[in-house]
Amino acid sequence: MSDNTPAAAGKAEGEAGEKFQKVQHNFCQLTVDDEQLQLAAAYVSDAQYNRNIHFETSPQAIRFYKLYNHWSTQGITYFFVLVDLLLALFEDPAVYLLPIWITSTVEFICLLMFAVRLLHFSKITPAKVLWKDAKNICVIVSILLTLMDMIVYLTLTETGYFVVRWSRVLRPLFCINFTESRQLRRAFRNIRNTLPEIAYVFVLFMFSVAVFSLMALKLFAKRKLTTGEGAPYFNNYLDIFFNLYVLVTTANSPDVMMPAYEVSWAYSIFFVIFIIVNTYVFMSLFLAVVYNDYKKHLKNEVRKLVYMKHRKMIEAFDILKVKHGSEFVILDSRWRQLVKLVAPEIPSSHRELLWRVSDDEQKGFVGRECFIRLADLLNIQVVQMKERVHPLEKCWPNMYNSAASQFIRRIVKHQGFRYTYDAIIVINAIFIGGDESNPLISKAEWIFLTLYLVEILLKLFAYEPRAFFATSQFWNWFDTLIIIAALLGTIVNTTIRSSGGYSSQQVLDIVFILRVLRLIRIIDSFQRFRVLLNTLINLIPTMLTYAGLIVVVYYIFAIVGMEAFKGRIRFYGANSSDPAAKYCGNPALKGSQFAALRYCKNNFNNIVSAFILLIELTVVNQWHVLATGFVKVTHLTARIFFVIFHIMVVIILINIFVAFVLEAFFVEYSLARSAVETAVEKKIQELGMGDCTDQPAGNLVEVLENDLGNTDDTDLKSRLRFRIASIRYKTVDTLLQHMFEEELKPEDEIPTLEEIDNLSPDDYTPKQPTFDSFA
């Protein structure tokens with residue numbers, strides 16, 4: 001019998017209310033936990049990719065932040081930056097001229113996308129940070145100035161007035177100042193910070209040139225000497241200064257000395273002393289100052305990155321930590337949720353391996369120190385390997401496992417097999433240098449191709465094909481493609497030549513190139529060569545950064561050069577009969593060395609020609625002839641453009657790049673000697689699942705998660721083996737960060753985000769080991 005009294009009804013209603021509140025509380029708690037997990041994941045992702053962005057911690061801001069850092073939105077930004085830069089191909093002076101309204105519309109769309117990107121950024125960062133950041137102000141000002149210039153340009157062009165598109169020099173600023181270009185900004189920041197020290201040396205250097213120029217004026221002006229072209233020799237101070245500055249680059253040596261040297265050998269002493277002091281002493285001093293100052297600021301940049309990474313990981317730890325006894329920890333379940341959220345692409349077995357590394361003692365939780373390592377662990381590329389049966393063993397097991405088969409496989413895997421083929425390559429190199437028309441050399445090439453094909457077939461017999469052609473086996477792919485291409489090219493060339501009616505020199509050239517490329521393989525056979533090769537590979541990411549840096553500087557100088565010199569020098573074609581072709585279309589160049597050397601194509605008539613000319617100026621040889629040509633068709637002040645370019649690119653940028661190469665080589669050389677191992681590599685070896693070589697390991701092949709089946713992920717040893725993708729995964733930036741992290745102790749206090757931004761190289765006292773310990 002049911003109880004329908006008011007008291008019973010009230011009690012039931014109260015219980016229902018409590019249940020509803022409990023469910024609501026659990027739901028709210030779940031939401032709060034999910035929001036905290038999303039915030040922690042944002043911090044860990046920033047630490048993983050070395051992002052230094054101050055973002056709001058509200059759920060909406062985190063969602064915007066995740067979208068902001070997504071590869072698609074970053075790709076769209078890079079696309080419009082590239083389109084904006086490439087507009088110079090289609091604007092006057094153009095490679096392919098398009099109507100003004102088309103290029104202006106495209107540029108307006110690019111500016112609109114930049115504004116949208118900046119607006120997106122404003123949704124994730126605090127307002128005071130947004131307006132305090134110089135790069136954001138630079139983007140806003142660049143957009144406004146470009147819009148203003150576009151309006152003025154279109155208006156005046158339509159009315160028939162001549163106007164300069166000065167805002168085009170601002171386009172590279174979009175490439176530098178968006179958040180995605182932090183590597184490029186770091187390089188520019190290093191240059192900016194290095195400039196003050198360079199300035200002192202540069203002033204002293206210019207003073208030295210000025211003093212020597214004054215001495216030259218007093219020595220030679222009254223002697224009425226003439227150059228080989230009949231012009232007065234060293235009778236004008238500005239000309240003397242420019243010629244001696246050029247002599248520092250050795251571009252006009254010994255020509256600049258010859259008129260005086262012909263009079264008396266004693267005058268050569270002046271030039272010898274000048275070269276020793278300015279070319280060797282001062283230029284070496286430039287490199288020394290740049291290297292020393294660059295290292296100092298590089299250390300500060302690396303220190304900021306390390307501190308920022310640790311600070312972000314500490315913030316994530318503080319969000320997810322729980323009390324366990326007397327210490328704060330992060331539990332297994334929460335750790336796995338976080339890793340899955342930060343790196344959803346890695347397989348579950350890989351996550352299990354990372355957990356084994358983090359929770360080395362299998363406690364079921366990790367402390368702060370172990371958790372901080374997670375950012376580095378996520379950056380290590382681990383390849384999952386699984387045992388595969390060779391296809392021949394599946395089809396013909398008796399044959400494949402016979403004594404003869406095993407003997408062949410042992411030979412192929414022996415080091416002597418590799419040495420034998422290295423010797424064959426060397427012998428082949430001797431034949432490649434011979435005369436192709438010689439029948440003996442032509443027949444020998446077929447023998448070498450046959451030997452190389454036999455090598456590939458034997459390796460495919462000894463190693464499982466999928467292991468042999470794994471993504472990490474670069475040299476196997478390289479060898480196979482080169483040999484197959486050379487074989488096809490040789491067959492085509494032989495067929496064409498045997499027909500008698502046609503001889504294809506292009507096909508023959510391709511065959512020769514492919515044969516020469518085959519020699520590259522021997523580089524990886526020697527340890528010393530491998531160190532240099534590893535250095536080059538590790539340099540590639542930063543070399544791309546410096547390449548971007550040089551492109552930005554080139555672009556600015558190219559735009560300025562096109563506006564100043566377009567149409568002044570013309571190229572009429574190699575076979576032109578126009579009399580003006582002899583003096584590049586400008587009578588001012590009649591009888592000049594510029595025209596005599598047929599430099600007419602070196603001009604600023606479009607962006608492509610401008611870039612090629614700037615590359616020639618960077619090489620330095622004959623740069624004074626190029627500069628003098630443009631001076632003749634404009635004004636003496638045109639020299640300023642070329643001298644500034646030489647200072648910016650050759651003296652500053654190239655020296656900073658040399659400084660980086662030196663630092664990178666020291667790091668790589670240290671790695672080759674000490675064989676640094678990460679915690680992941682150690683754990684793989686401890687679990688007995690290691691295969692840390694670059695060579696194919698028997699029948700072990702790379703697998704994806706969907707190839708693993710449904711076995712228990714925790715039973716790693718029974719199913720999988722792992723290896724680091726390559727010993728070359730340790731980039732220079734990563735190694736520098738690891739070296740600095742060795743100086744940090746767990747109890748060291750990590751600065752706040754604001755303090756990290758304000759760190760200066762002068763307030764850094766390194767502990768042991770230092771960056772210089774490997775030099």
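Biologist: Is Phe-234 buried or exposed, and at what relative accessibility?

Modeller: This is a predicted model, in which local features need pLDDT of at least 70, side-chain atom pairs count only at pLDDT 80 or more, and totals for chains, interfaces and linings use all residues. Residues are numbered from 1 along each chain as its sequence is written, and side-chain values use heavy atoms, with hydrogens and water left out. Buried means under 20% relative accessible area, exposed over 50%, and partly exposed in between, with a 1.4 Å probe and protein chains only. Phe-234 therefore counts as buried, at 5% relative accessibility.

Biologist: Why is the pair of Tyr-233 and Phe-234 called stacked?

Modeller: Rings of Phe, Tyr and Trp (its six-membered ring) pair if their centres lie within 6.5 Å, and planes under 30 degrees apart count as stacked, over 60 as edge-to-face and the rest as tilted. By this rule the count comes to 41 aromatic pairs. For Tyr-233 and Phe-234 the ring centres are 4.3 Å apart and the planes stand at 5 degrees, so the pair is stacked.

Biologist: Which cysteines does the disulfide join?

Modeller: A disulfide is taken as a pair of cysteine sulfur atoms within 2.5 Å, and the structure holds one. Its S to S distance is 2.0 Å, and the cysteines joined are Cys-584 and Cys-600.

Biologist: How many residues apart in sequence are the parts that this pair ties together?

Modeller: Helices (H or I, at least four residues) and strands (E, at least two) are DSSP runs, numbered from the N terminus. Cys-584 lies in the loop between α24 (527-565) and α25 (593-596), while Cys-600 lies in the loop between α25 and α26 (607-619), so the pair ties together parts whose separation in sequence is 16 residues.

Biologist: Which ring has the charged end of Lys-321 over it?

Modeller: A charge sits over a ring if NZ of Lys or CZ of Arg is within 6 Å of the ring centre and within 35 degrees of the ring normal. The charged end of Lys-321 is 4.4 Å from the centre of the ring it sits over, that of Phe-328.

Biologist: Where is Phe-162, and is it buried or exposed?

Modeller: Phe-162 has its place in the loop between α6 (134-158) and α7 (171-177). With 65% relative accessibility, Phe-162 counts as exposed.
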